[in-house]
Amino acid sequence: MSKKDGITWETFADGLWRDNPVLVMLLGLCPTLAVSNSAINSLSMGLATTFVLISSGALISLLRRFIPRQVRIATYIVIIATFVTMVDYTIQAISLDLYNALGAFIQLIVVNCIILGRAEAYASKNPLGKTVVNALGMGTGFTLALFTLGAIREILGAGSLFGVDLFGPSFEPWVVMILPPGGFIVLSLMLLAFNFINARAGRKIEQSEGCSHAA
Amino acid sequence: MTGHEIRHQQTRTSPWPMFAALGGIAMLSGFLVVLVYQVTRPMIARNQRQAIMAAISRVIPGAVRNRAFVVTDSGLRPAKKGETGDIIYAGYDKDGKLAGIAARAAAQGYADMIYMLYGYDPKCRCIRGMKVLKMTETPGLGDRIKTDPAFVANFEALDARLDESGRKLAHPIVTVKHGSKRHPWEIDAISGATISSRAVGKALNASAQRLLPKIAPYIDTLRESKP
């Protein structure tokens, strides 16, 4: 197996940091902003999206030679919608409270650009194993970004994490954080921090390369 | 690929692979969806039953069993499975005595409709509990109608007596400004969440005005029809 086709650590890890769907590709921001008002909501949304990402990617990758180019988008949407419906029923079976909290956003995973984007750009061109590993990485990256956003918003906006009170009654919750503007504020700060870290890391690499050349 | 080449290729492609791909995948999808639906249906139904039972025992203190009835113009009759309409639940305590009656109420809140269940106690002729079933009120403000202890305390004994004619409430249930509750039929609003608080009052008043006069003549029937 040549290195190009093999499954490497990067196949998985690209989604975590370098190509993180939320923080780098800025995809799927609608569910990201809408359901990240608490840690549990964002975690469930992340896991549901990861499941759809992996299973639809796997099926598309398996069928990639049979799907004619002209109808590929329609086919992808049908496949994605199938898995979303399955998730929808499963969440209802697990917990109605969670289902009510996530509201319409479970159904809206169908039109999440991350999933269609990965189907078109990756699953339709790569073998099953590689697609699944990549989808797992992308899903984990999405879940981590969403969970960080949700946890920050819940801690600041409600003074709790997973519904457990953190600061006691003297804490005055920063309500704006769980409201829609809070989502935009925290996401923009996360993007700022993310790009700052990346830029610094880039400078360090340049410097160390410069040093080694000098030596 | 240039535009000419694309056109050329399209004229050559037979439609059958497309039919086969779309048709095959649609069939596979249908199979998977039906499979998951069949597997999860009993679990979803059980969750919904549990949610209703939990809500009923929240609004009727002491209720452990319940029976559903439909309120019609000609009186009450036991509800059939899956029936819609004006459903009320008679809650019975562990000795089988009627502990209260739960009914639904709904009104437009600040963001969307607020749906709730409330418990009517025929002994004190008052509302003994209210639970929000579904809402999308602003977190931290309007959603306090569910959690604010002072607001929830409004529904420990909210007067819902009928007047002498028995066709309407003696005193309409109203939401009043925070801190100005004087009468047992008034709801003290949450300061900063007046619209949501008012919606709760409006919903309870509308539901109680409409349903309680119809239920009142049948309270004894409910007492006797143990689950």
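**Cysteines and a pocket**

Analyst: In this predicted model, the sulfur of C30(A) lies 8.7 Å from the closest cysteine sulfur, that of C113(A), which is too far for a bond. C113(A) is in no disulfide either, its nearest cysteine sulfur being that of C30(A).

User: Is C113(A) buried, partly exposed or exposed?
Analyst: The relative accessibility of C113(A) is 41%.

User: Which cysteines form a disulfide, and how far apart are their sulfur atoms?
Analyst: The search of the whole structure finds one disulfide over all chains. A pair of sulfur atoms has to lie within 2.5 Å to count. C124(B) and C126(B) form a disulfide, with a sulfur separation of 1.9 Å.

User: What is the handedness of the link of C124(B) and C126(B)?
Analyst: The angle about the S-S bond is -70 degrees. The link of C124(B) and C126(B) is therefore classed by that angle, and it is left-handed.

User: Is C126(B) buried or exposed?
Analyst: Its partner C124(B) is partly exposed, at 33% relative accessible area. For C126(B) the value is 4%. Buried means under 20%, so C126(B) is buried.

User: Which element gives the most to the lining of the second largest pocket?
Analyst: This pocket has a volume of about 650 Å³. Of its 17 lining residues, those closest to the centre include R49(B), I52(B) and K81(B). In chain B, α2, β1 and β3 each supply at least two lining residues. The most, five residues, come from α2(B).

Technical notes:
Residues numbered from 1 in each chain as written. Chains lettered and ligands numbered in written order. Predicted model: local features only at pLDDT ≥ 70, side-chain atom pairs only at ≥ 80, totals over all residues. Heavy atoms only, no water. 1 Å grid on protein atoms, 1.4 Å probe; cavity = no way out; pocket = protein on both sides within 12 Å on 5 of 7 lines; lining within 4 Å. Points joined across faces, edges and corners; volume = space filled by probe spheres on them. Helix = DSSP H or I, 4+ residues; strand = E, 2+ residues; numbered from the N terminus. Buried < 20%, exposed > 50% of the residue type's maximum accessible area, 1.4 Å probe, protein only.
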